[in-house]
Every structure is written in structure tokens, then in C-alpha cells.
Amino acid sequence: MAESMQGLHRSHRCTEVSNKNIGESVTVMGWVQKRRNLGSLIFIDLRDRTGILQLVFDENDGEVFEKAKELRSEFVIAVEGKVRKRDGAVNEDLATGDIEVTVDTLRILSESETPPFPVEDDVNTREDLRLQYRYLDLRRPTLQKNLKLRSDVTTFIRKFMSEEGFVEIETPTLCKSTPEGARDYLVPSRVHPGEFYALPQSPQLFKQLLMCSGYDRYIQIARCYRDEDLRADRQPEFTQVDMELSFVDIDDVIDVNERLIQAMFKEILNVDIPLPMPRISWQEAMDRYGSDKPDTRFGMELVNVTDVVKDCGFGVFTGAIENGGTVRGINVKGQGAMPRKKIDKLVDSAKGNGAKGLAYLCINEDGTYKSSFAKFMTEEELDNLVKEMKGEPGDLLLFAADRNKIVWNVLGALRLELAETLELIDKNKWNFLWVVEFPQFEWSDEQERFIAMHHPFTMPMEEDLKYLDTDLGKVRAKAYDIVLNGTELGGGSVRIHQADIQEKMLEALGFTQEQAHEQFGFLLDAFKYGVPPHAGLAYGLDRMVMHMAGEDNIREVIAFPKVKDASCLMTSAPSPVDNKQLEELAIDIVKSETEEAE
């Protein structure tokens with residue numbers, strides 16, 4: 001039966017008790033991790049969010065000892081006792097491994113049923129079960145450590161940015177829907193029937209308005225929402241470290257963020273990040289790595305061999321070139337003897353990423369070639385190709401031929417897959433870099449028009465403004481992403497602050513003046529009253545903490561995450577609502593044809 005604390009007040013958390021407290025009386029509270037009954041002695045591992053402390057109950061203590069026999073895993077208890085040096089062997093794995101507390105007073109504050117899985121690390125429990133009982137999962141040391149790390153990161157960012165002159169300002173979460181970009185989560189208005197708010201995908205427009213209002217350095221730990229397909233590093237609701245600065249250009253934004261990252265990694269992880277961080281253009285990143293978020297911890301860079309093979313006899317290569325594409329390859333060092341079955345798997349992987357196929361050439365140890373296309377090329381053409389690829393005996397050369405976008409995607413993904421398989425990645429490296437000079441626009445096959453690669457408020461590079469009227473594909477943006485070990489941690493840009501350029505940008509994206517003012521009128525109106533040059537950046541806090549914690553999935557650093565279909569297994573959200581609520585909102589649920597057929 002549960003008791004009250006009956007006047008007991010916690011004096012220490014578990015790992016705050018140390019050998020400095022030997023001989024002192026302490027009061028500690030927490031959950032029972034394990035119980036070991038040795039007959040005349042009962043040992044309890046007491047757990048709280050700081051760690052484990054061993055408690056000892058002696059049979060000579062009568063009533064307390066009898067009560068200790070009732071204890072089971074996850075019971076919540078309060079104890080008072082004296083700290084002493086351990087009688088038995090020291091546990092080097094515990095911070096409190098050289099001490100224990102002999103218990104004089106025990107209160108059972110709450111009993112527990114047997115949990116559906118052990119509350120400890122390194123237990124092979126299905127993730128869906130862990131998420132269903134997330135409140136139990138969150139008791140595990142690793143998750144508690146991860147969430148403490150997350151707290152430390154946000155605390156450090158707030159302190160650092162405050163010292164840099166940033167003002168923390170909250171922006172609305174009930175906003176106007178702006179269809180450009182990912183899908184909005186919509187919120188119906190009861191007061192305005194048939195009208196909707198949108199949850200913010202980012203505070204973009206509001207932070208630009210704050211620059212118009214004279215708050216020249218803004219910061220916010222902002223909740224954001226996107227109704228899009230999920231991946232391991234995505235959630236429908238997520239947290240951004242969002243910032244905006246006035247009277248700055250690219251170098252100013254990069255400077256303050258490099259110093260933030262360097263100071264934070266040193267303070268929290270004791271990792272030294274050298275500055276300045278490398279910068280490469282988007283074009284160079286794609287050409288060398290096939291990705292705009294390249295992992296630079298290993299080599300295996302892409303090589304453009306279009307000029308070498310443009311006149312060869314292999315139709316797959318020449319056909320791709322004639323259709324405006326390129327031929328590129330990667331050199332997988334020392335893998336020339338890779339079995340055909342494994343090569344076939346790589347071919348399947350390439351097809352899964354959009355390729356029609358994958359050409360390969362193995363350089364045997366004696367210098368001869370084994371290839372899927374050697375019969376279509378002369379010996380001289382093959383030698384020239386191998387030379388361009390810096391091929392040596394024992395190497396495996398892989399080639400893709402198609403439009404640039406497909407070739408980059410295929411070889412970029414293969415490069416990462418092979419690096420993981422061949423264990424080429426040094427997991428102890430922290431390779432940051434900036435990717436700059438992104439294209440301003442990208443072509444959407446689905447919409448059959450150019451769309452903004454970042455958003456419609458990104459400033460084009462001044463030397464490319466002339467192409468806004470003639471060739472949108474040539475316009476580069478004053479945009480920048482910060483990348484860590486192949487993951488985009490954050491991105492930003494210099495914003496357009498000139499009304500004429502902003503109107504031209506929206507026109508290039510297909511907005512009529514009426515549409516532009518309907519969607520963004522409040523921003524365009526604000527620009528009439530004196531707007532400073534400004535720029536900003538936003539980090540994905542979840543991704544950043546995921547990397548710092550050494551996790552592969554952002555669900556491991558979020559207290560109550562969603563799963564891939566954007567549902568919560570613990571609360572069963574989303575769920576149906578009462579018809580009365582729908583009536584108040586003037587909403588009717590229309591069944592799909594599939595549901596009606598069923």
C-alpha cells in the first residue's frame with residue numbers, strides 16, 4: 001500500500017552521494033531498478049535520472065527489512081540511511097560504485113505492476129512497444145542522458161546568443177497558410193467558419209517582419225510543423241533554432257554560427273572544432289560527392305568522364321551524352337575482386353535510386369579488365385577511362401550515365417552505401433562544412449515550372465540578377481547550408497529587402513501581383529516602410545542533438561515522438577473527434593470512394 005513521504009525531504013539525488021558523504025545520513029528517492037535477496041541482507045539498486053545508488057537492508061533492522069522484502073522493480077521509494085564504504089567489491093561501472101547506503105527508514109511511495117519490458121539499456125525491445133509505453137522507455141539511462149543533453153544544448157545556445165546581442169522573441173503558431181513548400185497542417189477556425197489557420201513550417205515571414213521592426217538580432221527555439229512523409233531524421237513536428245540578423249551579409253551569419261558551434265561542442269562534448277569551417281559551392285558538392293550535404297569523412301569522389309567516353313562505341317554512354325546528360329564514375333579502391341553477386345546488388349541499388357543500370361569495370365591484379373561494357377570499347381578507350389579514374393590493379397570502377405540529377409543521386413547514394421559496407425567512415429570525426437551558392441530555382445516536373453529551391457524571399461547573387469528575365473536555371477542564391485558528416489544541420493540565406501527584386505522573384509515563380517499580395521501582402525506592405533538588409537539561418541535542433549548524442553534516429557532525442565505515419569502510439573493521436581465539435585467548426589467528414597466501397 002502506497003505511503004506518503006511522512007516528513008522525509010530528499011537531500012541528494014542518487015549520484016550526488018559520494019565517498020565524501022561517508023558517515024553522513026542522507027535521504028534519497030527513486031525507482032527500484034533491481035532487488036537481490038541474500039537471506040540476511042537485501043540489496044536494492046535505486047535509480048533516478050542521475051544514475052544508480054546501492055541500498056542495503058539488514059535483517060537486524062526488523063520491520064524495515066520485512067518491508068524491503070515487498071519491493072519489486074519500478075516501485076517508487078524514499079529511504080533514509082547512512083553512507084558507508086562498500087563491504088563487497090567496488091563496481092567501477094557506477095559513479096557510486098564504492099559506496100552504499102544502509103537503510104534506517106523506508107517508505108513505499110508507489111507500487112508498480114510488472115513492466116512490459118525491462119527498464120534498462122541494451123534490451124532488445126521492439127520500438128513500437130517502447131513508443132507505446134514511452135513513459136517507461138524514458139526512464140532508461142540512455143534516453144534520460146539524451147534529453148539532458150538536449151536541455152544542455154538549448155541552454156547553451158540561449159546563453160551564447162544572448163551574449164551576442166540576440167533577443168529571444170516568440171512568433172505565432174496559428175498563421176496564414178502559404179502553399180509554397182511542404183504541406184501545411186491546417187487548423188479550422190470556429191469563429192470564422194470555413195476558414196483555416198496553418199501551423200508554421202517555420203517562423204520565416206514573422207522573423208523578417210521583426211527585422212523591419214528594428215530587432216536586429218532575433219533568436220527563437222521554435223516549434224514547426226510539416227505535413228510530409230517521414231524518414232529517420234524527420235518528424236511532423238520538430239524544433240528549430242531560428243535566427244535572423246539585420247545589416248549583415250553571408251560572412252557575418254557564418255561567423256557567429258561557426259563560433260556558436262565551436263563553443264558549444266567544446267563546452268558540452270569537449271570536442272575541438274577548427275575554424276574557419278570549409279566552404280564549397282553547391283555545384284562543387286554535387287560534382288564531387290553527388291550530394292548537397294556531402295559526407296567528407298572519406299574519399300571515393302565522383303569523376304566526370306563525359307569527355308573521355310563521348311566518342312566511344314558504348315551506346316549507353318554516348319546516348320546519355322547526346323540527350324544532354326553526363327557519364328560519371330567512382331573508384332572503389334581495392335574491390336576489384338568483388339563477387340558478381342555483390343556487384344549485382346549494387347546494380348539493383350542504383351536502379352532503386354533512378355538509374356536504368358550501372359556499368360562496372362574490375363581491374364584485375366595483373367592489370368587486365370573484367371567489365372560489363374569492355375566489348376563495346378577499344379583497348380585504348382578503356383585505358384584512357386581507367387587513367388581518368390586513377391584506376392590501379394585491384395580497383396572496382398562504377399559508372400552511371402543519365403541526366404545529371406539522376407547520375408548525382410545514384411552515385412552519391414552508392415558512395416555512402418559502399419562506405420558503410422566497407423567501413424571507410426571514421427565515426428570519431430566531426431566534419432563540418434558550408435555549402436554555398438545554391439541554385440535559386442529548381443525545375444519541378446510535377447508542376448512543370450521553376451520553384452524556389454529554398455523560399456521566395458532568398459536574395460539572388462547580385463551578378464546573376466540579369467538572368468531573372470532570361471534564364472532562371474543560371475540564377476544562384478545567396479543561400480548556405482551547414483552540413484555535419486553528411487547531414488544538413490541547418491540552412492539559411494540572405495533575404496531580399498528590395499521591393500522590386502522581391503516582386504520580380506514572385507513573378508518568376510508564377511505569382512501574379514494579385515496572388516502575391518493575397519499570400520504575402522503583409523510582408524510586401526511592410527517592405528514599403530524601410531527594411532534593412534537582413535539574413536538568417538535555422539538549425540534542426542533534433543538532428544543536431546541526434547548527432548551529438550551519437551544516435552541514428554531523432555526519435556531517440558525527442559521525448560514523445562511520432563512514428564512514420566505521423567501517429568503517436570502512446571496517445572493514439574490522431575483520433576476521431578465528437579460530431580458536436582465538428583458541427584461547431586462547420587466541418588463535415590466526407591468518406592473516400594475506397595471507404596464507401598468497403
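**Tryptophan 408 and its surroundings**

Trainee: What does tryptophan 408 touch, not counting residues up to four places away in sequence?
Mentor: Tryptophan 408 touches Trp282, Gln283, Met286, Asp287, Gly290, Leu302 and Arg328, where contact means heavy atoms within 4.5 Å. This is a predicted model, so local features need pLDDT of at least 70, side-chain atom pairs count only at pLDDT 80 or more, and totals for chains, interfaces and linings use all residues. Residues are numbered from 1 along each chain as its sequence is written, and side-chain values use heavy atoms, leaving out hydrogens and water.

Trainee: Is tryptophan 408 buried or exposed?
Mentor: Buried, with a relative accessible area of 7%; buried means under 20%, exposed over 50%, and partly exposed in between, with a 1.4 Å probe and protein chains only.

Trainee: Where in the fold is the place of tryptophan 408?
Mentor: In helix α12, residues 404–421. Helices are DSSP runs of H or I with at least four residues, strands are E runs of at least two, and both are numbered from the N terminus.

Trainee: At what angle do α7 and α12 pack?
Mentor: About 65°, and the axes of α7 (residues 282–289) and α12 are 8 Å apart. Axes are lines fitted to C-alpha atoms over the stretch in contact, and angles run from 0 to 180 degrees between N-to-C directions.

Trainee: Which residues meet there?
Mentor: From α7, Trp282, Gln283, Met286, Asp287 and Tyr289 meet Trp408, Gly412 and Arg415 of α12.

Trainee: New topic: which residue stands opposite tyrosine 480?
Mentor: Glycine 492, in β21.

Conventions:
Pairing = 2+ DSSP bridges.
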